[in-house]
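Reader: I have a protein model open and would like to go through it with you. Could we begin with a single residue and then widen the view?

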Amino acid sequence: MDNKFYVSYEVASLLKEKGYDGDAEYAYHENGNFSHWGRNVNDIDYLYAAPTKAEAIDWLDSKGIMISPHPVTILREDGTTGIHWSCHIVQKDGTWHKTEDLPTRLEAEEAAIIKACELL
């Protein structure tokens, strides 16, 4: 299991605060330890569900907030180009936000999930 695809402890606690009710086989304990739980953890007070980033994005979509990752071409100091990632966050009223450009898609998705949770 590669936990880079799962939300961080910070995001898991934000999702719990915002009422995340999706399934999650993995969880964070209050002390931040990440572990396999094997069943839905949402009703256990001392656990924070740790969905994958994709599952968290789907849940936010069900709440009216869409997250869309986009590659961004960057110009490096040496004159070469590279790719960074950002995410557009669109609320159901049409208001949109953009994350900063980050080196990986997973980092951009994590930043977008945090921003989206703040908008709930």
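This is a predicted model: local features need pLDDT of at least 70, side-chain atom pairs count only at pLDDT 80 or more; totals for chains, interfaces and linings use all residues.

Reader: Let me step back. How many helices and strands does the protein have?

Author: The protein has three helices and six strands. Starting at the N terminus, the order of elements is α-β-β-β-α-β-β-β-α.

Reader: What box do the C-alpha atoms fill?

Author: Along the principal axes, the C-alpha atoms fill a box of roughly 50 × 35 × 20 Å. The protein has 120 residues, and 37% of them count as buried. Among contacts with a separation of 6 or more, 41% are between residues 24 or more positions apart.

Reader: On to the helices. At what angle do α1 and α3 pack?

Author: Helix α1 (residues 9-17) and helix α3 (residues 105-119) pack at about 25°, and their axes are 10 Å apart. Since angles under 35 degrees count as roughly parallel, α1 is therefore roughly parallel to α3. The crossing of α1 past α3 is left-handed.

Reader: Which residues meet there?

Author: From α1, E10, V11, L14 and L15 meet E110, I113, I114 and C117 of α3. Sorted by class, this contact has six nonpolar residues, two charged ones and no polar ones.

Reader: What about α2 and α3, at what angle do they cross?

Author: The axes of α2 and α3 cross at roughly 35° and come within 10 Å. This crossing, too, is left-handed. On the α2 side the contact is made by K53, A56, I57 and L60, and on the α3 side by L106, E109, E110, I113 and A116. By class, six of the residues are nonpolar, three are charged and none is polar.

Reader: I113 has come up in both lists. Which residues have the most contacts inside the largest nonpolar core?

Author: I113 is one of them, together with V7, L15 and I67, in a core of 32 residues. At least two residues of this core come from each of α1, β1 (26-29), β3 (47-49), α2 (53-62), β4 (65-75), β5 (81-91) and α3. The largest share, six residues, is supplied by α3.

Reader: Take L15, then. What is L15 in contact with, beyond its neighbours within four places in sequence?

Author: L15 is in contact with V7, Y20, P51, A56, W59 and C117. Of these, C117 belongs to the α3 side of the contact with α1, and A56 to the α2 side of the contact with α3.

Reader: One more residue in α1: A12. Is A12 buried or exposed?

Author: A12 has 1% relative accessibility, so A12 counts as buried; the cut-off is under 20%.

Note on methods
Residues are numbered from 1 along each chain as its sequence is written. Side-chain values use heavy atoms; hydrogens and water are left out. Axes are lines fitted to C-alpha atoms, for helices over the stretch in contact, and angles run from 0 to 180 degrees between N-to-C directions. Helices (H or I, at least four residues) and strands (E, at least two) are DSSP runs, numbered from the N terminus. Angles under 35 degrees count as roughly parallel, over 145 as roughly antiparallel, 65 to 115 as roughly perpendicular and the rest as oblique. A crossing is left-handed if the near helix is turned anticlockwise from the far one by less than a right angle, and right-handed if clockwise. Contact means heavy atoms within 4.5 Å. Ala, Val, Leu, Ile, Met, Phe, Trp, Tyr, Cys and Pro count as nonpolar, Asp, Glu, Lys and Arg as charged, and the others, Gly among them, as polar. A nonpolar core is a set of buried Ala, Val, Leu, Ile, Met, Phe, Trp, Tyr and Cys residues joined through side-chain atoms within 4.5 Å. Buried means under 20% relative accessible area, exposed over 50%, partly exposed in between (1.4 Å probe, protein chains only).
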